[in-house]
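I opened this notebook to record what I looked up, entry by entry, for someone who has not seen the structure before. The entries follow the order in which I checked things.

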Amino acid sequence: MEGPIRAREALALTLFSLLFFLSRSSALHDLLISNAERRIDLSSHIVKVYLTLKVENAGSSPASEVVLAFPPSQVDHLATVEALATKGKRKKTTFVRLEVKPTELPDAPNDTKYFTIYLANPLNSAESITLEVLYMLTHSLEPFPAEIGQSESQLVYYRDSALVLSPYHIKQQTTFIKTPSTKVDSFTRVEPTNRAGTEIKYGPYEDHTPYSFSAILVHFENNSPFAVVEELVREVEISHWGNLQVTEQYKLVHAGARHKGVFSRVDYQSKPSFNGVSSFRYLLARLPPRVHSVYYRDEIGNISSSHLRTDSRKSELEIEPRYPLFGGWKATFVIGYGLPLQDFLFESSEDRRYVNFTFGCPLMETVVDKLTIKVVLPEGSKDPSAVVPFPVDQHLETKYSYLDVVGRTVVVLEKKNVVPGHNSHFQVYYTFKPIFMLAEPLMLASAFFLFFVACIAYLHIDLSIRK
Amino acid sequence: MAAPEASSAAVPTLMTNNTLRNAFGGVLSFFILLLIGVLAFSIRLFSVIKYESVIHEFDPYFNYRVTQFLTKNGIYEFWNWFDDRTWYPLGRVIGGTVYPGLTLTAGTIWWLLNSLNIPLSVETVCVFTAPIFSAFASWATYLLTKEVKGAGAGLTAAVLLAMVPSYISRSVAGSYDNEAVAIFALIFTFYLYIKTLNTGSLFYATLNSIAYFYMVCSWGGYTFIINLIPMHVLLCIVTGRYSSRLYIAYAPLVVLGTLLAALVPVVGFNAVMTSEHFASFLVFIIIHVVALVYYIKGILSPKMFKVAVTLVISAGLAVCCAVIAVLIALVASSPTKGWSGRSLSLLDPTYASKYIPIIASVSEHQPPTWPSYFMDINVLAFLVPAGIIACFLPLSDASSFVVLYIATSVYFSGVMVRLMLVLAPAACITSGIALSQAFDVFTRSIKFQLPGLSSNTEVDAGETSSATKEAQNDAVKTEKAEETSKDRPSRKSKKKEREHVEKPSTKTKAEKKRLLALPLEASVISLLLLVFLGAFYVVHCVWAAAEAYSAPSIVLTSHSHDGLHVFDDFREAYAWLRHNTDVDDKVASWWDYGYQTTAMANRTVIVDNNTWNNTHIATVGTAMSSPEKAAWEIFHSLDVKYILVVFGGLVGYPSDDINKFLWMVRIGGGVFPHIKEPDYLRDGQYRIDSQATPTMLNCLMYKLSYYR
């Protein structure tokens, strides 16, 4: 029921916005950016870009949206785009989260892709606003050389533009690139460019026309763990007897420069910081507080190398795959844990409940290529609906677990390219009558009762032909 | 199950005043049996609690993999399964070369659970199959011993079997091997045989054939049954105990059993073609001749009968000679004289080490040492003689079977340490009989000596009507056994003393029947000593289950000053192979790791623990003991991309590949004569340091182990 309505809504919205743009495409160029500052953080394998734009309305009519432009090579790797509007001056600044949506614009040069920021209040003529934009790129660091030995450290390329790509005229702009260490092999110079410590500064550049682009290439050392989960399936099973069981199946890969030649365990054991600098051994998973019965295993049994630290606010599970992961190596494993139900399940109205859980991957600083969340509702629950703060694919399944007769409804949420930025809460609403909790115990009891009755009957029946 | 049986056995005693008492005994023995089952199951869970729920060792991994295949692809695919991931490039027909009993059992349990929507994994089912079947086995022991010497002996034997270390060693949780279900099948087949022998019922005879079929499905050790039962039948005939019940117990078993056995692909026509089965056919002929003789004797007058006997014997001798000559010729014409290598090494203990190094290289095929007897059956070793004596007082068909069983299994266990497993149930049954009889005697004399006990009347009754004695004892014994099982947890003692007490007691049993009394003090002291003995056994069994037999061997642990240290290197290697090599890569390793590599790493191996092709193993052995260049050529011809070598030098793990290396040399040299064992030995000593011979220092195994 939910699906088609939602789709229709979305379609209507798109149509509406398209019309809106067609009628007002001239307004696009009425805005100009008086100052743009971009900070690119390359310290992990997730590229985080903080963009501060000061937008001015140079036109006559009020503008209610600002368009961001991305080169097509970046859009595929773009995991999340967030925008905040700043209000007030200096110390009393407050941030207002703004809605961001991908949009299509006609006659985009070189397949440029766009995201539109919808302003809370339309920007009147000659007014200005400061926007803070954060976007994250995954798989954007290309290892070069592509294959390294055990003791070599990993060098990567980062490609971008020295100038902020924008459909607007930019009066003044600066770009800072932060590298994880001072070891920078080379970088493209677009004067004025200078480098200090771990930071490379491009700019300031004055007065660039819309769609100005100046390709740069930074070649630097990055030994942070390139932990990529190719596929993560999180199954959240709700039991109204008081437990929330979470099972997470990981397919982990080291996405950095491929390992070449031999792996010497002796070398690795004796000096892990030197022999195996590009590898990683530990991963940290941040789990909810009051977690219990944690297990960490794979298809051939328990993996004995993990540590769990719990306190009242969070639980940290430090897991170590069976072997240190070098570039291109893979590992699969399962983490499971139980949680007290009252922390996550709430009643919204009569018989209507909702479970509130975190989206995203509990592992710190990892990219998930494909995330599937399955919320297994108790047997007998009806009308499920999910509320997720960002677009996801969803559908329903049925699962049979312990002694189920009609099966449990499973709400499946799927999302590609997930970064830690997606670790926000989502809700699944459903209707459940508590009487269903007694179905299975009653079933068992009656089965045993019938068995004993059958036994008694058997003992008292004489089936012999002759007396 | 047991409660109705026990009570129905007790009801026909015609002692109406004791009906309630008997019913109470039946319920009591039912609960004792239930507890015995729980004990048998839970004592085997040490491995899960101390380590984890995981499949153990080598062969269980293969069985686990077969079960996975079965549950995934169904039974028809399973029969036709040609496995191309092992014995590369030959492959192996799994469906036709594996004993399917265990796999089918676990597969059925899994299917049953899943159709009830209980989503247990195949691995969990496999891990717990062995403990479940040990509970079944102890119940089967109860039934068997009850048929032989009554319910009291049955319960004692069941308790003993539930925790006999020898059986625990093969059936801890995770030890998913054929023996786990086969011991149950073995005991149950014997039970049904004895039951048929006692009742002469064709119903039980048919059940017996089916149980035998299950045993054939489960384990190669079924040949033990098909030789032991004919031996017993022959014994009965020779001692003049032939009866129609014996005929009913034996003839259907041979006919139906052989037909059913031939249905199992791995046995097939072997059921009629190999010499292991010939004894049963020979006895089958003999029992028919005997039956015919008895029949003729019945219809002829004694004089005519004598004439007939002389006639038949002269003619029969000639025919027999001819038949035997043909048989011998047939047997002699086959290369191993119709006997397979493992069976031959049973008859001639030196056979294997002389001719087949691959059989000799397996530690469980070695003859056991004396300490291993004490380790594996503990005090039972001292109770067995007493039990044998008890079996002769009085000797029945059933008790003579037990005597024969213990005698043969003692011999076989002396040949191969692995067959200690067959000895264990026999030892438990005889010890159960001994203990139960001893308790019976002592408590009876105590009761007799203490005045004012109501049981006096009962004792008198037992004295006067010896015919009803057996049935009446049931109730008494039940209580005794219950007493022992309750008192168990808190005692300690020595077995020597109890030996002294025990022997005279059984000997004097005959006169006690008249006197019905030992001195009170002697009885009490002997009872206490028996109780101490039992306590010692329990303590030993729990220790053995917890410490000695529960390590899964794929995970090693060591206790250091800062706590438990876990070596999980095997699984680390297998996991790495699984995730980081191509699906079709070939992995060469010594055959020990073959099953685990295919199951845990899912990669194709060259040789595995099935060891059906000696030449192939010898090729790998040769490659391992050749210089690098020659080895590379051999492995290249086998498409090998990875070699798995276990090196324990760093942590001091004793059973690594360099320790097994001499066997590789021997097995390799057995087929390829250019590998000579003396080349690897310095002055007859195996050295791996700088004193080693140049051949040794240059061989692939050495280079792989010490590559720097």
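Entry 1, between the domains. I looked up salt bridges (a side-chain nitrogen of Lys or Arg within 4 Å of a carboxyl oxygen of Asp or Glu) and found one across the interface of domain 1 of chain A and domain 2 of chain A. In this predicted model, local features need pLDDT of at least 70 and side-chain atom pairs count only at pLDDT 80 or more, while totals for chains, interfaces and linings use all residues. Residues are numbered from 1 along each chain as its sequence is written, chains are lettered from A and ligands numbered from 1 in the order in which they are written, and side-chain values use heavy atoms, with hydrogens and water left out. I noted Lys48(A) and Glu365(A), whose side chains meet in a salt bridge at 3.9 Å, N to O.

I then turned to polar contacts (pairs of N or O atoms within 3.5 Å; within protein, one must be able to donate a hydrogen and the other to accept it, and residues adjacent in sequence count only if both atoms are side-chain atoms), and between the two domains I read ten residue pairs, both residues at pLDDT 80 or more. On the side of domain 1 of chain A that touches domain 2 of chain A, strand 4 of chain A gives the largest share, four residues (strands are DSSP runs of E, at least two residues, and helices are runs of H or I, at least four, numbered from the N terminus).

The bounds, from an automatic or database domain assignment, are 29-221 for domain 1 of chain A and 227-436 for domain 2 of chain A. Their centres, taken over C-alpha atoms, lie 32 Å apart. Contact (heavy atoms within 4.5 Å) takes 24 residues from domain 1 of chain A and 29 residues from domain 2 of chain A.

How many salt bridges are counted between chain B and chain A? I read four, and I looked at Arg265(A) with Glu572(B), where the closest N and O atoms are 2.0 Å apart. Helix 29 (residues 569-580) of chain B supplies eight residues, the largest share of the side of chain B that touches chain A. The contact as a whole takes 22 residues from chain B and 24 residues from chain A.

UniProt, in an unreviewed entry, places a "transmembrane region" at residues 442-461 of chain A; its positions are given in the numbering used here, feature names are shortened, and annotations may be inferred rather than shown by experiment.
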